[in-house]
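Work through the exercises below with the sequence and the model side by side. Try each task before you read its solution.

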Amino acid sequence: MASWGERLAGVRGVLLDISGVLYDGSKDGGVPIPGSVEAVARLKRSQLKVRFCTNDSQNSRGDLVGLLRRHGFDISEGEVTAPAPAASLILKERGLRPHLLIQDGVRSEFDQIDTSNPNCVVIADAGESFSYQNMNEAFRVLMDLESPVLISLGKGRYYKETSGLMLDVGAYMKALEYACGIEAEVVGKPSPEYFQSALKELGVEAHEAIMIGDDIVGDVGGAQRCGMRALQVRTGKFRPSDERHPDVKADGYVDNLAEAVDLLLQHADK
């Protein structure tokens with residue numbers, strides 16, 4: 001593999017995943033990953049542009065930012081690309097009225113959306129709300145539509161909380177795809193449109209940006225397909241087998257965000 005200097009040369013912007021990179025979540029708010037608060041602060045004091053790019057669909061963007069600020073992170077709503085606000089905009093633009101299979105924590109993102117007589121289904125990480133009854137209701141809505149539309153906020157397989165690994169929205173999205181014979185539209189990583197939106201907000205070209213995440217497929221693979229570089233941290237949902245993934249190879253593997261920032265500040269934008 002090329003030297004770190006070669007791999008990180010010319011980087012001007014950094015996209016940071018949140019869950020598993022900045023902190024590990026839990027029902028009581030979770031805990032920051034050691035060194036991550038100061039690592040974000042160091043990045044933001046540098047010449048590099050920084051944006052946060054998350055697939056969190058349990059919380060509104062405002063609630064997520066409030067939680068991170070209480071943990072000590074320097075972060076504002078305007079710096080976060082999140083799937084729920086993006087999906088809300090898509091619904092408005094296309095005149096879609098969703099049946100929402102989501103957690104109450106993110107429902108405020110859809111307050112301005114007409115949900116009467118639904119003509120699509122929006123599915124997010126609904127946690128305990130992924131009951132048979134609720135999944136079957138979403139299935140029936142889709143099956144009753146002449147041209148069913150299923151919008152999924154991300155397609156992750158699992159993520160990590162302090163209590164251990166948690167099944168993510170992708171498993172439930174796949175169940176509805178299979179049952180209805182349709183393909184979901186994904187709003188969130190690894191969707192190219194999602195990364196391109198984050199890059200536009202960041203103000204750099206893809207070849208000048210690097211993604212730092214814990215998901216080898218959603219973060220690393222998704223970013224690389226858009227022409228970005230990507231580092232995988234060995235925190236969060238990282239599994240040792242990720243470094244031997246058959247299809248995706250990160251531009252580098254680091255123990256945590258602090259190590260990634262050390263390397264970036266030493267070698268990037270050179």
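**Exercise 1: A strand and its surroundings**

A209, M211 and G213 point one way from strand 12, I210 and I212 point the other way, and all are buried. Buried means under 20% relative accessible area, exposed over 50%, and partly exposed in between (1.4 Å probe, protein chains only). Strands (E, at least two residues) and helices (H or I, at least four) are DSSP runs, numbered from the N terminus.

The model is predicted: local features need pLDDT of at least 70, side-chain atom pairs count only at pLDDT 80 or more, and totals for chains, interfaces and linings use all residues. Residues are numbered from 1 along each chain as its sequence is written, and side-chain values use heavy atoms, with hydrogens and water left out.

Task: Explain why strand 12 is largely enclosed by the rest of the structure.

Solution. 
- Step 1. Recall the rule: in a regular strand the side chains alternate between the two faces of the sheet.
- Step 2. Count the buried residues. Five of the five residues of strand 12 (residues 209-213) are buried, so the strand is largely enclosed by the rest of the structure.

**Exercise 2: Place the strand in its sheet**

Task: Find which strands pair with strand 12.

Solution. 
- Step 1. Apply the criterion: two strands pair if DSSP finds at least two bridges between them.
- Step 2. Take strand 1 (residues 13-16). Four bridges join strand 1 to strand 12, and the two run parallel. L15 has M211 as its bridge partner in strand 12. G13 stands opposite A209.
- Step 3. Take strand 13 (residues 229-233). Four bridges join strand 12 to strand 13, again in parallel. Here I212 has L231 as its bridge partner.
- Step 4. Follow the chain. From strand 12 the chain crosses through helix 8 (residues 216-225) to strand 13, and this β-α-β crossover is right-handed. That label applies if, with the strands pointing away from the viewer, the path from the first strand over the helix to the second runs clockwise.
- Step 5. The open sheet has six strands in the order 5-4-1-12-13-14, with parallel pairing. Strand 5 (80-81) and strand 14 (252-254) are the edge strands, and each pairs on one side only.

**Exercise 3: Describe a helix pair**

Task: How do helix 5 and helix 6 lie relative to each other?

Solution. 
- Step 1. Get the geometry. The axes of helix 5 (residues 132-143) and helix 6 (residues 169-180) come within 10 Å and cross at roughly 40°. Axes are lines fitted to C-alpha atoms, for helices over the stretch in contact, and angles run from 0 to 180 degrees between N-to-C directions.
- Step 2. Classify the angle. Under 35 degrees is roughly parallel, over 145 roughly antiparallel, 65 to 115 roughly perpendicular, and the rest oblique. Helix 5 and helix 6 are therefore oblique to each other.
- Step 3. List the meeting residues. M135, A138, F139, L142 and M143 in helix 5 meet Y172, A175, L176, A179 and C180 in helix 6. Contact means heavy atoms within 4.5 Å.

**Exercise 4: Compare two residues**

Task: Are V169 and N117 buried or exposed?

Solution. 
- Step 1. V169 lies in helix 6. V169 is buried, with a relative accessible area of 1%. Residues that V169 touches include I123, F130 and L153.
- Step 2. N117 is in the loop between strand 6 (98-101) and strand 7 (120-123). N117 is exposed, with a relative accessible area of 61%.

How values were computed
Lists of a residue's contacts leave out its neighbours within four places in sequence.
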